[in-house]
Amino acid sequence: MNANELRDKTPDQLREELSALKKEAFNLRFQQATGQLENTARMREVRRDVARVATVLNEKAQAAAE
């Protein structure tokens, strides 16, 4: 996922994406705590994707306010 793809989405789609990523992050943390996590790099990817989506949402909100 890159920022250009995210900028093409509507704010509602971005909120849904953010929600899904946060759920995935929770599940990954749970798997890590129970020792079932196999792909530890996925946690980093999800965390960065959450930050990307949040950044694009803030950019859209700022543009709408101006």
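Biologist: Why is Phe30 called exposed?

Modeller: Exposed means over 50% relative accessible area, buried means under 20%, and partly exposed lies in between (1.4 Å probe, protein chains only). Phe30 has a relative accessible area of 53%, so Phe30 is exposed. Before we go on: this is a predicted model, where local features need pLDDT of at least 70, side-chain atom pairs count only at pLDDT 80 or more, and totals for chains, interfaces and linings use all residues. Residues are numbered from 1 along each chain as its sequence is written, and side-chain values use heavy atoms, with hydrogens and water left out.

Biologist: What makes Phe26 partly exposed?

Modeller: Its relative accessible area is 47%.

Biologist: Why is the pair of Phe26 and Phe30 called tilted?

Modeller: Rings of Phe, Tyr and Trp (its six-membered ring) pair if their centres lie within 6.5 Å; planes under 30 degrees apart are stacked, over 60 edge-to-face, and the rest tilted. By this rule the count is 1 aromatic pair. The ring centres of Phe26 and Phe30 are 6.3 Å apart and the planes stand at 35°, so the pair is tilted. Both residues sit in helix H2 (residues 11-34), 4 residues apart, about one turn of the helix.

Biologist: How many helices and strands does the protein have?

Modeller: There are 3 helices and 0 strands. From the N terminus on, the order is α-α-α. Helices (H or I, at least four residues) and strands (E, at least two) are DSSP runs, numbered from the N terminus.

Biologist: What makes the protein more spread out than a compact globule?

Modeller: The radius of gyration is taken over C-alpha atoms, and the globule rule is 2.2 Å times the number of residues to the power 0.38. For 66 residues the rule gives 11 Å, and the protein comes to 14 Å, well over that, so the protein is more spread out than a compact globule. Its C-alpha atoms fill a box of roughly 45 × 15 × 15 Å along the principal axes.

Biologist: How do you know that Val53 is buried?

Modeller: Val53 has a relative accessible area of 0%. That is under the 20% cut-off, so Val53 counts as buried. Val53 lies in helix H3. Leaving aside neighbours within four places in sequence, Val53 is in contact (heavy atoms within 4.5 Å) with Met1, Leu6, Leu14, Glu17, Leu18 and Leu21.

Biologist: Why does Thr10 count as partly exposed?

Modeller: Thr10 has 39% relative accessibility, between the cut-offs, so Thr10 is partly exposed. Thr10 lies in the loop between helix H1 (3-7) and H2.

Biologist: What makes Asn2 partly exposed?

Modeller: Asn2 has a relative accessible area of 35%, so Asn2 is partly exposed by the cut-offs already given. Asn2 is in the segment before H1. Asn2 and Asp12 are 10 residues apart in sequence and 18 Å apart in space, C-alpha to C-alpha.
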